[in-house]
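Visitor: I am new to this structure and would like to learn how to read its features. Please show it to me before we start.

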Amino acid sequence: MSQQNKVWITGASSGIGLALVKHYLQADWRVIASARSEGDLSELMATDSRLTFVPFDIVDKTKIVSVRDEIAKQVDCLDCAILNAGTCEYLDIEGEQTDWSMMERIMSVNFFGMVNSVEMCLPLLQKSSQPHLVGISSQAVQAAFPRAEAYGASKAAIRYFLSSLRMDLNPLGIDVTCILPGFVDTPLTRKNTFDMPFLMSADDAAQGMYRAIQKRPYEYAFPRPLSAMLWLGRHFPKWWLKKLAPNKTDNS
Ligand SMILES: NC(=O)c1ccc[n+]([C@@H]2O[C@H](COP(=O)([O-])OP(=O)(O)OC[C@H]3O[C@@H](n4cnc5c(N)ncnc54)[C@H](OP(=O)(O)O)[C@@H]3O)[C@@H](O)[C@H]2O)c1
């Protein structure tokens, strides 16, 4: 098989994942793209033989081996895996009507889906001479936000999981990068009804991510103005919580 670099991108049928696929093809990578359905990838698939779609519902553990086998038929190894698939729902506290099952739903896709994806791709990364594992968390982990109990917790879990993996995969020669995007204009955020400061296009986000990934940082948070805005919440979490949710009873 050729010496062309090979990348696996999950959540590739839409939004950030789709934009990443386009950037990796532009840079002449061989791209294996996954999602549950081809979605907006179909057009690209018809015109670019360097792109292959391998369906994978990241929640479905029973498919891990067959998906790995399918990818191994296409490429001899993976030089990079970008675990980007994810979803978002916000919690509404509505007494007995509160949809607590959403916590499990979101953790199952965002967190356990990433764990399943790591299990799937690790043996293929180990066959590369320059392996790199990249996972997508969120700027939401920088500070607590209302209604983000499920999404924020899943993304914080991802960040910790990747930090720990970075240490344990280091002896195997696998670099690990955690990416914290701010607000990016995709089908996922188009449902939001609140203000999204520093909203950027998926293409701009993917371009910055592509550049950053080549340098293999431990973490890449963007855009910078949003990181600066969240600086207080990140460094002074008690102050942040007191400001946004002061005690209702003063016991001092
Ligand atoms: N947009 C933002 O502002 C923003 C900010 C911070 C972090 N992020 C993160 O960036 C990632 C991409 O988000 P996006 O905004 O590009 O969202 P998006 O346009 O909704 O794309 C989500 C992708 O994930 C795939 N996916 C969802 N559930 C899946 C499952 N069970 N198995 C396999 N694939 C699944 C979807 O494909 P199928 O439905 O076909 O499976 C789709 O390709 C997510 O992890 C998100 O949390 C986004």
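Visitor: How many Å separate a polar side-chain atom of Ser14 from an oxygen atom of the ligand?

Guide: A polar contact is a pair of N or O atoms within 3.5 Å; within protein, one must be able to donate a hydrogen and the other to accept it, and residues adjacent in sequence count only if both atoms are side-chain atoms. For Ser14, the separation is 2.5 Å. Backbone atoms take part as well: a polar one of Val184 is 2.7 Å from an oxygen atom of the ligand. The ligand, taken alone, exposes 880 Å², and the protein buries 91% of that; such areas come from the Shrake-Rupley method with a 1.4 Å probe, where for residues only the protein chains shown count as cover.

Visitor: What should I know about the model behind these values?

Guide: It is a predicted model, in which local features need pLDDT of at least 70, side-chain atom pairs count only at pLDDT 80 or more, and totals for chains, interfaces and linings use all residues. Residues are numbered from 1 along each chain as its sequence is written, and side-chain values use heavy atoms, with hydrogens and water left out.

Visitor: How many residues surround the ligand?

Guide: A residue is near a molecule if one of its heavy atoms lies within 4 Å of it. Here 30 residues surround the ligand, and Tyr151 and Thr186 are among the closest. Helices are DSSP runs (H or I, at least four residues) and strands are too (E, at least two), numbered from the N terminus. Helix H1 (15-26) and helix H5 (149-169) each supply at least two residues of the shell.

Visitor: Which side chain meets Arg147 in a salt bridge?

Guide: Side chains of opposite charge can pair when their charged atoms come close. A salt bridge is a side-chain nitrogen of Lys or Arg within 4 Å of a carboxyl oxygen of Asp or Glu. The structure holds twelve; in one of them Arg147 meets Asp92, at 3.0 Å from N to O. Arg147 lies in the loop between strand S5 (132-136) and H5, and Asp92 in the loop between strand S4 (80-83) and helix H4 (101-125), so the pair ties together parts 55 residues apart in sequence.

Visitor: Where is a cis peptide bond?

Guide: Most peptide bonds are trans. The cis one joins Phe222 and Pro223, with omega about -10 degrees. Pro223 is in the loop between strand S9 (219-222) and helix H7 (224-229).
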